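User: I have not looked at this one before. Can you take me through it?

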Amino acid sequence: MQTSSKVQALIEALEACSGPEFVDMVDQLKISAQDLEDFVSWNEKSYARHCIHATGDYELLVLCWEPGQSTEIHTHGGQECWVMAIDGSLDEIRYSTCVGKEPQEVARLPITGNRISYMKDEIGMHVLSNPHSVRAITLHLYMNPIRTCEIYDPNTNSTRTKLMSYDTK
């Protein structure tokens, strides 16, 4: 895969900054779906996770969402996460986390070009979904890389550990 000059500039900038600065960098660079086209592919069964760049400190991913696709209710393995819609939009539902109790919905938020989602385990759990009739592309920054997360299973009212993987790297 070939990295666009804007994506390469973002990777270089990430080497010398903190997570909160990511939002400003993406805005300044005006990252578009065209800049990410070499990292975009779709999966009919599940949203697709494509790793652009990963170090011991962070991972930068592109996620591709068909209409109707969503995550499970999940944590972030102790890591921080920023999500930005590059093309289309997602809905985010946030949940409380009370050990041994069913998560309770606490907020519904759109993830659009003008709203960035920030999540960490201390905030709670969440679901990202594309309930729209068009595909969506999102850019995700995880500080540090997420190797596992907890997935809530409503059938058993418990969580299980999920090993994270990429569709492409």
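Analyst: Below we go through the sheets, the helices and the pocket. This is a predicted model, where local features need pLDDT of at least 70, side-chain atom pairs count only at pLDDT 80 or more, and totals for chains, interfaces and linings use all residues. Residues are numbered from 1 along each chain as its sequence is written, and side-chain values use heavy atoms, with hydrogens and water left out.

User: OK, sheets. What is the strand order in the open sheet of 5 strands?

Analyst: The order is S1-S2-S8-S3-S6, with antiparallel pairing. Strands here are DSSP runs (E, at least two residues), numbered from the N terminus, as are helices (H or I, at least four). Two strands pair if DSSP finds at least two bridges between them.

User: Which strands stand at the edges?

Analyst: Strand S1 (48–54) and strand S6 (117–119) do; each has a single partner strand, so one side of each lacks a neighbour in the sheet. From one strand to the next, the twist averages 20 degrees. Such angles run from 0 to 180 degrees between N-to-C directions, with axes fitted to C-alpha atoms, for helices over the stretch in contact.

User: How many bridges join S1 to S2?

Analyst: 6 bridges, with S1 and S2 (residues 58–65) running antiparallel. Histidine 50 is opposite valine 62 in S2.

User: And what does helix H1 touch?

Analyst: Helix H1 (residues 5–14) packs on this sheet and touches S1, S2 and strand S8 (136–143), at about 145 degrees to the direction of S2. Contact means heavy atoms within 4.5 Å. Helix H2 (residues 21–29) lies across S2, strand S3 (80–87) and S8, and runs at about 20 degrees to S3.

User: What about the open sheet of 3 strands, what is its order?

Analyst: S5-S4-S7, with antiparallel pairing. Strand S4 (residues 90–95) pairs with S7 over 5 bridges, and tyrosine 95 has methionine 125 in S7 as its bridge partner.

User: Switching topic. Which residues are closest to the centre of the largest pocket?

Analyst: Tyr47, Arg49, Thr71, Lys162 and Met164, of the 26 residues that line the largest pocket. A pocket is an open set of points on a 1 Å grid over the protein atoms alone, where a 1.4 Å probe fits, with protein on both sides within 12 Å along at least five of seven lines; lining residues have an atom within 4 Å of a point.

User: Which strands supply at least two residues of that lining?

Analyst: S3, S7, S8, strand S9 (148–153) and strand S10 (158–163) each do.
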